[in-house]
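Open the model in your viewer and keep the selection panel at hand. The stops below say what to select next and what is there.

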Amino acid sequence: MVHVFHQLRQKEGTAQFLRFCINGVIAASIHYGIYYLLQLWTDVNIAYTAGYLISFVYNFIATNYFTFHTHPTWKNFVGFAGSHGVNYFLHIVLFNLFLFLGVHRLVAPPLVMGVAMLVQFTILKLVFSRWGKRKEKSLP
C-alpha cells in the first residue's frame with residue numbers, strides 16, 4: 001500500500017511539473033509578445049517589465065487553478081507575488097547582463113526565461129504545496 005501511495009505521489013509531482021511547463025510557455029509567450037510590441041516604441045527595460053507584469057496576472061490565476069489545483073488565497077497571492085519579486089529581479093539582472101554581453105534584444109528574453117523557469121518552479125512548489133492545502137478564505 002505504501003508503494004502505491006508513493007507511485008501516485010510521484011505521478012502527481014510529474015503532472016504538476018508538466019502543467020507548470022505548459023503554463024510557463026503560455027505566460028512566457030504573453031510576456032514576450034508584450035515585450036516585442038512595446039520594445040518598438042519604448043526602452044527595452046520598460047517593455048520587459050510591462051510584459052512581465054501582464055503575464056504575472058495570467059500566471060497567478062493559471063498557477064492556482066491549472067498547475068497546482070488550488071484556489072486563489074491571500075497567502076497564495078503574497079507568496080506568489082514574493083516569489084515573482086525575486087524572479088523579476090533575477091529576470092532583469094540576467095536580461096541586462098545578456099544585453100551587456102552583446103546578445104540581441106530579441107534573443108535575450110527567451111534565454112532569461114529558460115534560466116529563471118527552474119528557479120521559479122522550486123519557489124512556487126513550496127508556496128502552493130504548503131499554503132494551498134490549508135483552509136483559508138479564497139480571494140473574491
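## Stop 1: the largest pocket

Begin with the largest pocket, which holds about 390 Å³ of space. On a 1 Å grid over the protein atoms alone, a pocket is an open set of points where a 1.4 Å probe fits, with protein on both sides within 12 Å along at least five of seven lines; a cavity is a set from which the probe cannot get out, and lining residues have an atom within 4 Å of a point. Grid points are joined across faces, edges and corners, and the volume is the space filled by probe spheres set on the points.

This is a predicted model, in which local features need pLDDT of at least 70 and side-chain atom pairs count only at pLDDT 80 or more, while totals for chains, interfaces and linings use all residues. Residues are numbered from 1 along each chain as its sequence is written, and side-chain values use heavy atoms, with hydrogens and water left out.

Select Gly24, Ala27, Ala28, Asn59 and Met113: of the 24 lining residues, these lie nearest the centre of the pocket. Two or more lining residues come from each of helix H1 (2–38), H2, H3 and helix H4 (108–131). Helices (H or I, at least four residues) and strands (E, at least two) are DSSP runs, numbered from the N terminus. Which helix gives the most to the lining? H1 does, with ten residues. By class, the lining has twelve nonpolar, twelve polar and no charged residues. Here Ala, Val, Leu, Ile, Met, Phe, Trp, Tyr, Cys and Pro count as nonpolar, Asp, Glu, Lys and Arg as charged, and the others, Gly among them, as polar.

## Stop 2: the whole chain

Zoom out and colour by secondary structure. The protein chain has four helices and zero strands, in the order α-α-α-α from the N terminus on. Of its 140 residues, 34% count as buried; buried means under 20% relative accessible area, exposed over 50%, and partly exposed in between (1.4 Å probe, protein chains only). Among contacts (heavy atoms within 4.5 Å) with a separation of 6 or more, 72% join residues 24 or more positions apart.

## Stop 3: H2 against H3

Select residues 44–67 for H2 and 74–100 for H3; the two helices pack at an angle of about 150 degrees, with their axes 11 Å apart. Axes are lines fitted to C-alpha atoms, for helices over the stretch in contact, and angles run from 0 to 180 degrees between N-to-C directions.

Show side chains on both helices. Residues of H2 including Tyr48, Tyr52, Phe56 and Phe60 meet residues of H3 including Phe77, Phe80, His84 and Phe95. The contact of H2 with H3 has twelve nonpolar, ten polar and no charged residues.

Now select Thr63 in H2. Thr63 is buried, at 1% relative accessible area. Beyond its neighbours within four places in sequence, Thr63 is in contact with Asn23, Phe68, Phe80, Leu124 and Phe128.

Follow the chain to His69, in the loop between H2 and H3. Is His69 buried or exposed? His69 counts as exposed, at 53% relative accessibility. Its phi is positive, about 55 degrees, although His69 is not a glycine.

## Stop 4: along H1

Select Tyr35 in H1. Its relative accessible area is 0%, so Tyr35 is buried. The C-alpha atoms of Tyr35 and Gly51, 16 residues apart along the chain, are separated by 5.1 Å. Leaving aside neighbours within four places in sequence, the contacts of Tyr35 include Val44, Phe95, Arg105 and Pro109.

His31 is also in H1 and counts as buried at 3% relative accessibility. With neighbours within four places left out, His31 is in contact with Tyr48, Gly51, Tyr52, Ser55, His91 and Met113.

Phe17 lies in H1 and is partly exposed, at 30% relative accessibility. Apart from neighbours within four places in sequence, Phe17 is in contact with Leu118 and Phe121.

## Stop 5: Leu94

Finish at Leu94 in H3, which is buried at 14% relative accessible area. Its C-alpha is 5.9 Å from that of Val112, 18 residues apart along the chain. Outside four places in sequence, Leu94 is in contact with Val112 and Val115.
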